[in-house]
Amino acid sequence: MTIRAGASNLQLRILSAVVLVAAALALTWAGGLWYRLFAAAIAGAVLYEWLAMATPVSSSEGRAVPAILLAAVLVLLVAGYPVLAAVLALAAATVLCAAHAAWRGAGLWPAAGLAYAGLAAISLSALRGGDMAGLVATLFLFAVVWATDIFAYVAGRTFGGPKLAPSISPGKTWS
């Protein structure tokens with residue numbers, strides 16, 4: 001299947017959603033290492049986006065430190081260490097990141113992003129666990145998030161209104 005050059009925004013959204021939903025469901029069903037890798041990839045994407053919004057492009061050190069610290073925490077998570085170990089490692093990494101930011105005279109946004117991304121990965125991994133109840137809970141979480149996202153898109157397209165943050169998301173409206 002090829003994508004036409006003039007494919008609409010909605011068509012591209014639907015196509016990418018089908019591919020991403022299939023991958024997310026397959027990895028969630030597989031559980032274990034595959035799901036922990038998926039959670040780690042989500043955390044990496046979250047931190048990347050956070051740092052893109054919170055740090056200047058010229059601040060490579062301000063981006064590298066939280067990324068390296070998150071990677072260290074994610075190694076523990078992917079390796080299957082207990083949740084408490086990952087949480088303690090994330091707390092230590094966040095403190096180190098905050099101390100580094102204070103030493104540089106920078107804000108605490110990178111440390112906050114590190115904590116946010118790390119907690120997302122740890123929480124997803126802990127929720128999924130290794131049993132059927134974790135699978136059902138995770139699928140319910142995904143269903144709620146996807147449904148609210150779809151509803152927000154439809155409401156925004158239907159009702160429109162003033163733009164929320166045109167420089168970040170040009171099509172997103174208050175509705």
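Trainee: Why is His100 called buried?

Mentor: His100 has a relative accessibility of 18%. Buried means under 20%, so His100 counts as buried. Keep in mind that this is a predicted model.

Trainee: Where does His100 lie, and what does His100 touch?

Mentor: His100 lies in helix α4. Leaving out residues up to four places away in sequence, His100 touches Glu61 and Val65.

Trainee: Okay, now Val144. What makes Val144 count as partly exposed?

Mentor: Set the value against the two cut-offs. Val144 comes out at 38% relative accessibility. Buried is under 20% and exposed is over 50%, with partly exposed in between. Therefore Val144 counts as partly exposed. Val144 has its place in helix α6, and its C-alpha atom is separated by 20 Å from that of Ala117, 27 residues apart along the chain.

Trainee: Speaking of α6, how do you know that α1 and α6 are roughly antiparallel?

Mentor: Check the angle. Helix α1 (residues 9-30) and helix α6 (residues 132-159) pack at about 170°, and their axes are 11 Å apart. Angles over 145 degrees count as roughly antiparallel, so that is the label α1 and α6 get.

Trainee: Which residues make that contact?

Mentor: From α1, the contact has Asn9, Leu10, Arg13, Val21, Ala24, Leu25, Thr28 and Trp29. From α6 come Leu135, Thr138, Leu139, Phe142, Trp146 and Tyr153. Sorted by class, the contact of α1 with α6 has 10 nonpolar, 3 polar and 1 charged residues.

Trainee: Which residues of α5 and α6 make their contact?

Mentor: On the α5 side you have Leu124, Leu127 and Arg128. On the α6 side there are Gly134, Leu135, Ala137, Thr138, Leu141 and Phe142. By class, the contact of α5 with α6 has 6 nonpolar, 2 polar and 1 charged residues.

Trainee: Let's get to the largest nonpolar core. Which residues touch the most other members?

Mentor: This core has 26 residues, and Ala43, Leu70, Leu74, Leu114, Ala121 and Ile122 touch the most other members. At least two residues of this core come from each of α2 (32-54), α3 (60-79), α4 (83-104) and α5 (109-128). The largest share is that of α2, with 8 residues.

Trainee: What does Ala43 touch?

Mentor: Not counting residues up to four places away in sequence, Ala43 touches Leu70, Leu74, Ala117 and Ala121.

Trainee: Time to zoom out. How many helices and strands does the chain have?

Mentor: There are 6 helices and 2 strands. Starting at the N terminus, the elements run α-α-α-α-α-α-β-β.

Trainee: How much of the chain counts as buried?

Mentor: Of its 175 residues, 27% count as buried. The accessible surface of the chain is about 10900 Å², and 74% of that belongs to carbon and sulfur atoms.

Trainee: What about contacts along the sequence, and what box do the C-alpha atoms fill?

Mentor: Take the contacts between residues at least 6 apart in sequence: 56% of them join residues at least 24 apart. Along the principal axes, the C-alpha atoms fill a box of roughly 45 × 45 × 30 Å.

Technical notes. Residues numbered from 1 in each chain as written. Predicted model: local features only at pLDDT ≥ 70, side-chain atom pairs only at ≥ 80, totals over all residues. Heavy atoms only, no water. Core = buried A, V, L, I, M, F, W, Y, C linked by side-chain atoms within 4.5 Å. Buried < 20%, exposed > 50% of the residue type's maximum accessible area, 1.4 Å probe, protein only. Helix = DSSP H or I, 4+ residues; strand = E, 2+ residues; numbered from the N terminus. Contact = heavy atoms within 4.5 Å. Axes fitted to C-alpha atoms, helices over the stretch in contact; angles between N-to-C directions. Parallel < 35°, antiparallel > 145°, perpendicular 65-115°, else oblique. Nonpolar A, V, L, I, M, F, W, Y, C, P; charged D, E, K, R; others polar. Areas by Shrake-Rupley, 256 points an atom, 1.4 Å probe, with all protein chains shown as cover.
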